[in-house]
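Subject: Structure for your files

Hello,

Here is the structure I said I would pass on. My notes on it follow below.

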Amino acid sequence: MLAQQILNGLVLGCVYALIALGYTMVYGILQLINFAHGEIYMIGAFVGVILLGWLSADFINSVNPVFLLSAAVIGASLFAIGWGVALEKLAYRPLRRAGRLAPLITALGASIFLQNFVMLALGAREKVFPDLFHGASWELGFLHVSAPQTAILVTAPLFMILLTLMVKRTKLGLAMRATAQDPMMASLCGMRPDAVIVATFAIGSALAAVAGVLVGSLYGVVSFYIGYQAGMKAFTAAVLGGIGNLPGAMLGGFVLGIVEAFGAGYISSEYKDVWAFVLLILILLVKPGGLLGERVAEKV
Amino acid sequence: MKRQSNEVMTKYLLPILLGVIVFPFLSWQGAISVIVGSFLLLIISRFRSVTFSTKLSLQNHRLIRTLQRLTSDKRVRIGLLLAILLMPLYLPRFPLEIVTLALIYVLLAMGLDIVVGLTGLLALGFIAFYAVGAYTYALLSTQFGLNFFLALPIGAVSAALVGLLVGLPVMRLKGDYLAIVTLGFGEITRIVLNNWDSVSGGPNGILGIPRPHFFGVKLASPGAYYWIILTLVALGAILIYRIVRSKTGRAWEAIREDELAAASCGIPVVRYKLLAFSLGAGFAGVAGVFFAGRMTHISPESFTFLESVMVLCMVVLGGMGSLLGVVIGALALIILPELLREAALYRMLLFGLLLIVMMRYRPQGLVPARRSERFF
């Protein structure tokens, strides 16, 4: 029971962490709470369903499910990158110099727009995610692990490692870190902040879409309002870990997932969404910058 | 040179990008119409983008100036005042109810404007205080038979106290932490109301809340509701008008402009922020009491995150820190959708789009605040 709860929490945590990375990267560079990010996750899940829906049932049954799921993840990520880049271009870039509230309002507007767009285009009913693994699962001792859970537990850490390597080792990662610290100085040193910001949105959106497709295959259904809850949890995870801090977002996601699984399993499942926020408030009381965030001294 | 051609390229690639990304959702016809539509928009905006945005703001200014000239005339002023006061006598029932609803939001938006517009704190779960007011009246009146008019101050005080409790731990933090904590608090409130069946009635909410009555006289006609909320809004507006021109108001503005500088001038920043936050919450509490007394039935679904977003949008669209702007923003965001009833399906879609377009062309709001000439 305990081990099972930890496992459930880890799976949930992987998902939150993947989405939280997108929040925290954008916040680190633009100081913008990108409320539409949860919607990108939802769009990713839908694109996964739609892409798989184009295939016939016979074909799905005859092909290796791992291959199918990876194809859906890649396809959904590509479309999500498109959405993220379009969003940045149309809703955020024109407001780069308009204060902090204006882009926040457009982010809320974009979130409302995307939710209603998907609802109007595809209908308000839940869409069924094709059962790729036919309910396959493993029994490890007294642990029960389903195939989609395995997929999440393998894929999410893989992407997190890749992202960390990218940020630490590549030129783009260097440019991202530089722009986050000081956009003006970065542009003087020959980096193009606009390009870096577009890349940040693209990477964040792709990660969100990965999470979307994996969650779709885990729960078996996708609906137009899933982005709101997931987005809010992921944002909480990002703040929990220290917003703007990549390892912090991952840690925050895992902590949140495990706390939620324990809260739902041992205290009360009706209040499962409350624990996340209670934990957040408690941690901010003790450690105002989040778990891994450092308090930056104020410049005068 | 190369950079420039690059930019033009990406500009004209945007319609194609849009077409590709909507393709899974709208199929071929939809994708092609999106490409053609956005391409046309791009071409139009190429010729008009500069003139359009300046014209928009100029026209607004001219409109406002004419309005100001008109309203400075005493006769016009008295006529306008009478028209507002006597609205229930000439307006049919349905429009009157919408105006009443809009006035509730005016009260909410005025409260949030103290927090966001005047003090510069970002609060995202503001509707929770509205819920506190509504449930305070609902519980006290159904359990103990509390009178509506007594409940108004009690609702205000309880919401303000809750605001104080929420604000106390986070006011020392900088930046967006207040936003996320208030957001979390709003969600906690809604979920607790939804699940604490023995007290809040769970998802069904509380039924049979008494309507307002005054010494045995029932005040339950649409006109009575209108006059009650109009009085509350007027009192709130006077309070804000006075407070903005007081020492407190100047302290708030100083904190908004530069918190560090304000602190070094000896302004007790945390205390003033808490005051702004709990006063704003008090406004929401009053609005909540009125809402409960008018609806006679409340449930958690009236207090969702979308409502908080709505109120925040009223403040920002109207013009932060400007009393007239907030009133206009609230009226516009309630009355416009009612006019768009035919397009009910597309209402929220258009609302989202409106927010983006509005921020693009007029981020300072419809009626931006003007700094008071008199500083001391």
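**Cysteines**

A:Cys189 is exposed, its relative accessible area being 54%, and the cut-off for that class is over 50%. Please keep in mind that this is a predicted model. A:Cys14, in contrast, counts as buried, at 1% relative accessibility. As for disulfides, the count over all chains is 0.

**The interface of chain A and chain B**

Between them, chain A and chain B bury about 5,000 Å². Carbon and sulfur atoms account for 82% of that area. On the side of chain A that touches chain B, five elements of chain A give two or more residues: helix H2 (37-53), helix H4 (65-92), helix H5 (101-122), helix H10 (226-241) and helix H12 (272-286). H5(A) provides the largest share of that side, 16 residues. Sorted by class, the side of chain A that touches chain B holds 45 nonpolar, 8 polar and 8 charged residues.

In residues, the contact draws 61 from chain A and 52 from chain B. For polar contacts, the rule gives 2 residue pairs across the interface of chain A and chain B, both at pLDDT 80 or more.

**Two positions in chain B**

B:Arg294 lies in helix H12 (residues 269-295) of chain B. Is this arginine, B:Arg294, buried or exposed? B:Arg294 has a relative accessible area of 14%, and it is classed as buried because the limit for that class is under 20%. Leaving aside neighbours within four places in sequence, B:Arg294 is in contact with B:Glu97, B:Thr100, B:Leu101, B:Ile104, B:Arg211 and B:Tyr225. The C-alpha atom of B:Arg294 is separated by 8.7 Å from that of B:Ile209, and the two residues are 85 residues apart along the chain.

B:Ser299 is placed in the loop between H12 and helix H13 (305-318) of chain B. At 7% relative accessibility, B:Ser299 also falls under the 20% limit, so it counts as buried. Not counting residues up to four places away in sequence, B:Ser299 touches B:Tyr135, B:Pro203, B:Asn204 and B:Gly205.

Regards

Definitions and conventions
Residues are numbered from 1 along each chain as its sequence is written. Chains are lettered from A and ligands numbered from 1 in the order in which they are written. This is a predicted model: local features need pLDDT of at least 70, side-chain atom pairs count only at pLDDT 80 or more; totals for chains, interfaces and linings use all residues. Side-chain values use heavy atoms; hydrogens and water are left out. Contact means heavy atoms within 4.5 Å. Buried area is the accessible area (1.4 Å probe) that two parts lose on being put together, summed over both. A polar contact is a pair of N or O atoms within 3.5 Å; within protein, one must be able to donate a hydrogen and the other to accept it, and residues adjacent in sequence count only if both atoms are side-chain atoms. Helices (H or I, at least four residues) and strands (E, at least two) are DSSP runs, numbered from the N terminus. Ala, Val, Leu, Ile, Met, Phe, Trp, Tyr, Cys and Pro count as nonpolar, Asp, Glu, Lys and Arg as charged, and the others, Gly among them, as polar. A disulfide is a pair of cysteine sulfur atoms within 2.5 Å. Buried means under 20% relative accessible area, exposed over 50%, partly exposed in between (1.4 Å probe, protein chains only).
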